[in-house]
Amino acid sequence: ISPRPMTRRARALDPGMSRSSIPDNQSSNQAYLALGAYAEAARQADTALARGASVQVFGGLRTLADSAARAGAPPGSIRIRVVTGSGPQAPPEQ
């Protein structure tokens, strides 16, 4: 599935899906999850992690994709919201 039609299909399933303020790779991962393409969502998360993306974000997306696949979650049943901005921070390592 190419990115634009994939994102349009995902938004049809989840109209509240963010259109901005999140990186493209995160948005495409969100779309794959919404469409039930869990293996592709996991691959996209792995690629992002290999390129140095946030372990907190993409590790979580990878775990979510794995869990959804194991549970046999139907397309449209996984909806996530990515909240941007500062949130809880881990304490600095000593």
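I started with Arg43. At 47% relative accessibility, Arg43 is partly exposed; that class lies between buried (under 20% relative accessible area) and exposed (over 50%), with a 1.4 Å probe and protein chains only. The model is predicted, so I kept its limits in mind: local features need pLDDT of at least 70, side-chain atom pairs count only at pLDDT 80 or more, and totals for chains, interfaces and linings use all residues. Residues are numbered from 1 along each chain as its sequence is written, and side-chain values use heavy atoms, without hydrogens and water.

Arg43 sits in helix α3, residues 38–50. Helices here are DSSP runs of H or I with at least four residues, numbered from the N terminus. I found a polar contact of 3.0 Å between the side chains of Arg43 and Glu40. Such a contact is a pair of N or O atoms within 3.5 Å, where one must be able to donate a hydrogen and the other to accept it; residues adjacent in sequence count only if both atoms are side-chain atoms. I also looked up Arg62: its C-alpha is 8.1 Å from that of Arg43, across 19 residues of sequence.

Next, α3 itself. At 1.5 Å a residue, its 13 residues should span 18 Å, and the end C-alpha atoms are 18 Å apart, which agrees. The expected span is 1.5 Å times one less than the number of residues.

Which residues of α3 are buried? I noted Tyr38, Ala41, Ala42, Ala45 and Ala48. They cover an arc of only 125° around the axis, so they lie on the same side of α3. The arc is taken from the directions from the helix axis to the C-beta atoms. After α3 comes Gly52, with a positive phi near 90°.

Then I turned to Asn29 in helix α2, residues 24–35. Asn29 is buried, at 0% relative accessible area. Leaving out residues up to four places away in sequence, Asn29 touches Ala41, Gln44, Ala45 and Leu61. Contact means heavy atoms within 4.5 Å.

I followed that last partner. Leu61 is in helix α4, residues 55–71, and is buried at 7%.

Last, the largest nonpolar core. It has 14 residues, and Leu33, Tyr38 and Ile78 have the most contacts inside it. α3 gives the largest share, 5 residues.

Methods. Helices (H or I, at least four residues) and strands (E, at least two) are DSSP runs, numbered from the N terminus. A nonpolar core is a set of buried Ala, Val, Leu, Ile, Met, Phe, Trp, Tyr and Cys residues joined through side-chain atoms within 4.5 Å.
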